[in-house]
Amino acid sequence: MDTMTSPWLSPTRFSGRCLVSAAVALAGMAAHAQATPVPGRGELLYTTHCIACHSSEMHWRDNRRARDWESLNAQVRLWQGNSGLRWDEADISDVAAYLNDTVYHYPRTPGSGLGLSCPAQGLSAAR
């Protein structure tokens, strides 16, 4: 049977089926994109710069230095500085928030993360 004479194999019908298939595929991808959360800035910074040295066990050890929201911010500030990352306050707060949301679950205090001193080193947060 000739493809030009068969109604199922005509170029118009074939194009229509391809269009429907493409629409179904795009709808599936859109649904998947909505279901997959986009990582936040804190998560991206942590996984890019910190995870190589900090396994999940680092955060669960008994002698961890982050004991509350303020000391968590201070530790992120201290270690980003020791690593030469030059993060601004927003980056430090985002990473601390990511760690707090996923690991520590400390209550946050208003205005925390700004201008705190590092208790372990006695360094000013402005450094």
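**Close-up 1. Arg86 sits in the loop that links α4 and α5.** This is a predicted model, in which local features need pLDDT of at least 70 and side-chain atom pairs count only at pLDDT 80 or more, while totals for chains, interfaces and linings use all residues. Residues are numbered from 1 along each chain as its sequence is written, and side-chain values use heavy atoms, with hydrogens and water left out. Helices (H or I, at least four residues) and strands (E, at least two) are DSSP runs numbered from the N terminus. Most residues other than glycine have a negative phi. Arg86, although not a glycine, has a positive phi of about 60°. With a relative accessible area of 78%, Arg86 is exposed. Here buried means under 20% relative accessible area, exposed means over 50%, and partly exposed is in between (1.4 Å probe, protein chains only).

**Close-up 2. His105 is another loop residue with a positive phi, found between α5 and β1 (117-118).** Its phi is near 60°, and His105 is not a glycine. His105 counts as exposed, at 55% relative accessibility.

**Close-up 3. Helices α4 and α5 pack against each other.** Two packed helices are described by the angle between their axes and the distance between the axes. Helix α4 (residues 69-82) and helix α5 (residues 89-104) meet at an angle of about 125°, and their axes are 9 Å apart. That angle makes α4 oblique to α5. Axes are lines fitted to C-alpha atoms, for helices over the stretch in contact, and angles run from 0 to 180 degrees between N-to-C directions. Angles under 35 degrees count as roughly parallel, over 145 as roughly antiparallel, 65 to 115 as roughly perpendicular, and the rest as oblique. The crossing of α4 and α5 is right-handed, meaning that the near helix is turned clockwise from the far one by less than a right angle.

**Close-up 4. Side by side, these residues make up the contact of α4 with α5.** From α4 come Trp69, Leu72, Asn73, Val76, Arg77 and Gln80. Their partners in α5 include Ile92, Val95, Leu99 and Tyr104. By class, the contact of α4 with α5 has nine nonpolar, four polar and two charged residues. Contact means heavy atoms within 4.5 Å. Ala, Val, Leu, Ile, Met, Phe, Trp, Tyr, Cys and Pro count as nonpolar, Asp, Glu, Lys and Arg as charged, and the others, Gly among them, as polar.

**Close-up 5. Arg67 lies in the loop between α3 (56-60) and α4.** At 52% relative accessibility, Arg67 counts as exposed. Leaving aside neighbours within four places in sequence, Arg67 is in contact with Asp62 and Tyr106. Look for Tyr104 too: Arg67 and Tyr104 are 37 residues apart in sequence and 8.6 Å apart in space, C-alpha to C-alpha.

**Close-up 6. Ser71 is a buried residue of helix α4.** Its relative accessible area is 10%. Beyond its neighbours within four places in sequence, Ser71 is in contact with Arg65 and Ala66.

**Close-up 7. Helix α2 (residues 41-49) has Gly42, Leu45 and Tyr46 buried.** These residues cover an arc of only 95° around the axis, which puts them on the same side of α2. The arc is that of the directions from the helix axis to the C-beta atoms. An α-helix has 3.6 residues a turn, so residues three or four places apart point the same way.
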